[in-house]
Amino acid sequence: FKMGEELLYVQFNQDFTSLGVGTNNGWALVSVSTPDNLERIHEQAATDGVQIVERLFSSSLVAIVSLQSPRKLRVCHFKKNNEICNYSYANTILAVRLNRARLVVCLEEMLYIHNIRDMKILHTIRDTPQNPKGLLALSVNADNSYLAYPGSASTGQVQVFDAFNLQAKIVIHAHASPLAALAFNMSGSLLATASQKGTVIRVFNTNSGNRLYEFRRGMKRCASIYSIAFSSDDAFLAVSSNTGFSDWKPLLKEETPTPTASWMEWVKSSLPSQVTRFGLKDERLPQLQHLFMTVAVTTVPGSEEGKVRVLVASYDGFLYIYGLNTQEGGECPLLKQHKLVGETDVRKSPSSAGTASYAGIVKGRSPQCMSDSDKMAEMRNAVAQPSEASVDFPALDK
């Protein structure tokens with residue numbers, strides 16, 4: 001990326017090991033599997049700009065929507081520089097979510113559910129309540145491919161749909177005011193919600209619809225909740241908002257008062273009678289409060305003590321890395337910040353210009369002109385890869 005680029009999109013993949021970045025000049029994938037040492041593994045120019053970049057786990061499949069063609073979805077194999085397929089929709093694509101079974105496209109009043117192995121449309125949910133921000137959550141667990149979306153434009157009702165079996169599952173009346181954020185845990189058994197009022201975070205059981213936890217801010221004024229994320233072991237729930245001060249207290253468990261914290265709060269939601277408070281402290285916070293942020297929780301690999309990191313990707317063009325003391329709580333220190341746009345060092349993954357099948361070679365077909373069967377085979381192979389596969393990102397020399 002070059003200086004002066006405008007960040008249009010930033011989002012973590014399903015297991016928080018990489019980050020998709022879209023700008024007015026192109027898109028990139030950034031590895032955050034070792035968050036203390038950021039590595040850009042792929043970048044590609046796009047003169048029409050890219051407003052959505054969604055990657056399937058650690059595979060080579062990427063779903064892309066450009067700024068100038070907002071109704072068109074392109075599914076690409078980025079390592080082979082091939083477009084596998086593209087689909088056009090009646091209106092602007094607001095969000096795309098993937099797991100190893102389904103790809104879901106969100107329009108303002110309609111949802112399309114594709115079989116990710118061949119991209120056939122399996123189901124269409126029509127006439128959904130107006131959803132101009134494309135608020136949507138899809139469980140990353142293919143066996144529990146639950147889809148959550150607003151069930152009302154005026155209240156915080158959540159529709160939970162079984163995207164694998166293609167049937168409505170449950171309706172959750174989560175909040176009185178409209179929804180602002182939704183997030184499943186890794187297994188799809190829990191759903192966290194926040195409303196536009198921003199004073200309460202609630203966690204529900206997706207099978208029964210029962211409310212398991214409720215965390216309320218001590219401050220009376222409203223807040224804009226941008227993002228919610230569970231840790232992989234469901235021990236922590238991260239919430240990013242625009243507020244400079246927050247004070248979350250659990251209402252369904254024995255209350256443990258917590259002092260005023262900063263704009264992002266950590267609540268240990270698995271404890272039955274205590275809550276450990278974690279907050280971020282950084283002199284840059286006043287500059288970040290007006291920006292959208294997406295949040296993730298990761299554990300540093302190979303660490304004997306299981307170091308936990310807080311990842312905050314912000315539309316100011318930076319990724320912020322915070323430490324987390326899971327035993328004692330307290331403020332989360334800013335460890336590093338990485339620039340996502342501008343002139344940075346790039347370590348690209350090797351990009352082959354497409355690989356035709358043996359039959360294609362015999363027929364004289366160039367590698368760039370893969371047959372439909374070749375492309376679908378690439379799609380199935382990518383979907384079948386284990387999420388922790390590292391073969392996509394070999395060690396490279398600068």
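The model is a predicted one, in which local features need pLDDT of at least 70, side-chain atom pairs count only at pLDDT 80 or more, and totals for chains, interfaces and linings use all residues. Residues are numbered from 1 along each chain as its sequence is written, and side-chain values use heavy atoms, with hydrogens and water left out.

As for its extent, α3 runs over residues 372–384, 13 residues in total. Its first and last C-alpha atoms lie 18 Å apart, close to the expected 18 Å, a figure that comes from 1.5 Å times one less than the number of residues. Helices here are DSSP runs of H or I with at least four residues, and strands are runs of E with at least two, numbered from the N terminus.

Turning to the cysteines, a search of the whole structure turns up 0 disulfides, a disulfide being a pair of cysteine sulfur atoms within 2.5 Å. Cys85 is in none, and the nearest cysteine sulfur, that of Cys76, sits 8.5 Å away. Cys85 is buried at 12% relative accessible area, and Cys106 also counts as buried, at 1%.

Elsewhere, Ser241 belongs to strand β22 (residues 236–241) and is buried, with a relative accessible area of 4%. Ser241 and Tyr226 are 15 residues apart in sequence, yet their C-alpha atoms are 5.4 Å apart in space.

Key
Buried means under 20% relative accessible area, exposed over 50%, partly exposed in between (1.4 Å probe, protein chains only).
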